[in-house]
Amino acid sequence: MDPLFTVQEVAPEPDGAEAALVRRLREARRLIGGAATVGPRRVVHRVGAQSWHGVRTAVAACRSSTDPLLLRPADGPVTCKRCIERERRTAAGRAPGQEAIPFPEVPVPRPG
Ligand SMILES: [Zn+2]
């Protein structure tokens with residue numbers, strides 16, 4: 001006996017405004033690892049990644065803006081002080097916002 005209904009689990013193709021949004025999110029994702037300004041502002045940020053409702057999107061690494069659609073590619077060096085500090089700390093092996101704890105030199109006891 002044939003089923004009364006068939007189920008198709010096919011996601012509809014985005015169209016119109018939805019397609020434009022998907023295209024712009026994909027374009028912004030290409031900026032990850034590069035540099036960008038937020039809208040018309042001149043400060044250049046490092047572009048990082050974030051998970052937004054399970055979708056990987058671009059974001060200013062310092063989180064000054066979390067809207068990927070505001071990011072504009074920039075050719076110049078990163079000028080955002082928070083992004084620069086974040087990269088410096090990451091290069092030093094510390095997580096952003098994490099302070100180094102000074103450990104005093106402790107003499108190692110020698111046997112004998
Ligand atoms: Zn920044």
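Residues are numbered from 1 along each chain as its sequence is written. Because the model is predicted, local features need pLDDT of at least 70 and side-chain atom pairs count only at pLDDT 80 or more, while totals for chains, interfaces and linings use all residues.

Q: What span should helix α1 have at 1.5 Å a residue?
A: Helices (H or I, at least four residues) and strands (E, at least two) are DSSP runs, numbered from the N terminus. Helix α1 covers residues 16-29, 14 residues in total. The expected span is 1.5 Å times one less than the number of residues, and the end C-alpha atoms agree with it, so the answer is 20 Å.

Q: Does α1 lie largely buried or in the open, and how many of its 14 residues are buried?
A: A residue is buried if 20 or more other C-beta atoms lie within 10 Å of its own, exposed if 12 or fewer, and partly exposed in between, with C-beta atoms placed from the backbone. By that count α1 lies largely in the open, because the number buried is one.

Q: In β4, which residue is the bridge partner of Val38?
A: β1 and β4 pair in the antiparallel sense over three bridges. The partner of Val38 in β4 is Leu71.

Definitions and conventions: Pairing = 2+ DSSP bridges.
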